[in-house]
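Dear colleague,

I am handing over the structure below, and after it you will find my notes on what turned up. Please read them alongside the model.

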Amino acid sequence: MAEFSGFFDAHLTDGKWDRAYLSEHFAKYFSSFIGNGIFGGKSSELIVRQKEVADMSVRVLPGRGFINGYFYENDDELSLSIDIADGVLNRIDLIVLRLDNVERVIRLAVKKGASATNPIAPVLQRDADYYELKLAEITIKAG
């Protein structure tokens, strides 16, 4: 497609709409002036916090974000479970905001790292299927 313009109202002619737009058209439009990241008027947007009572989970505060032109909103505090620690080795997990192009959603997720004597954080996935933004890095101590 050499030229594209939009977005105009569709007109019904002979029982058919004369134009249709896809979500990718809107995402491309929004990504031209809104970059990837967390947005909003409060400094607490999608902040990851330890729970008051340690129970192998974290809480993520409400907030909004954009990834590649797609919008995400969490309007309530969310709890994410962290896998139990290894008995001997440490681990680093990430809390990410993940655009899933396969399922066509954006969700918060825990990206589990590998247990090791000197652990490193997992690598963010950024390909045709997934695009991740790191919100927090969590060290899971052995035991």
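This is a predicted model: local features need pLDDT of at least 70, side-chain atom pairs count only at pLDDT 80 or more; totals for chains, interfaces and linings use all residues.

Residues are numbered from 1 along each chain as its sequence is written, and side-chain values use heavy atoms, with hydrogens and water left out.

The pairing described above belongs to an open sheet of 3 strands, which has the order β3-β6-β7 and antiparallel pairing. Its edge strands, each pairing on one side only, are β3 (37-39) and β7 (70-74). On average, neighbouring strands of this sheet are turned by 30° against each other, direction ignored, where the axes are lines fitted to C-alpha atoms (for helices over the stretch in contact) and angles run from 0 to 180 degrees between N-to-C directions.

On the surface, Phe26, Tyr29, Phe30 and Phe33 form a nonpolar patch with about 390 Å² of accessible area together. Patches are made of residues with over 30% relative accessible area and no salt bridge, like charges being joined within 9 Å and nonpolar side chains (Val, Leu, Ile, Met, Phe, Trp, Tyr) within 5 Å; a salt bridge is a side-chain nitrogen of Lys or Arg within 4 Å of a carboxyl oxygen of Asp or Glu, and areas come from the Shrake-Rupley method with a 1.4 Å probe, only the protein chains shown counting as cover for residues. Phe26 lies in helix α1 (residues 23-31) and counts as partly exposed because its relative accessibility is 34% (buried means under 20%, exposed over 50%, partly exposed in between).

A cis peptide bond, with omega about 10°, joins Gly6 and Phe7, and Phe7 is found in the segment before β1 (12-13). Asp14, in the loop between β1 and β2 (16-17), is a residue other than glycine with a positive phi, near 55°, and it counts as exposed at 77% relative accessibility. Leu46, in the loop between β3 and β4 (48-50), also has a positive phi near 55°, but Leu46 is buried, with a relative accessible area of 3%.

Best regards

How values were computed: Two strands pair if DSSP finds at least two bridges between them. Helices (H or I, at least four residues) and strands (E, at least two) are DSSP runs, numbered from the N terminus. Buried means under 20% relative accessible area, exposed over 50%, partly exposed in between (1.4 Å probe, protein chains only).
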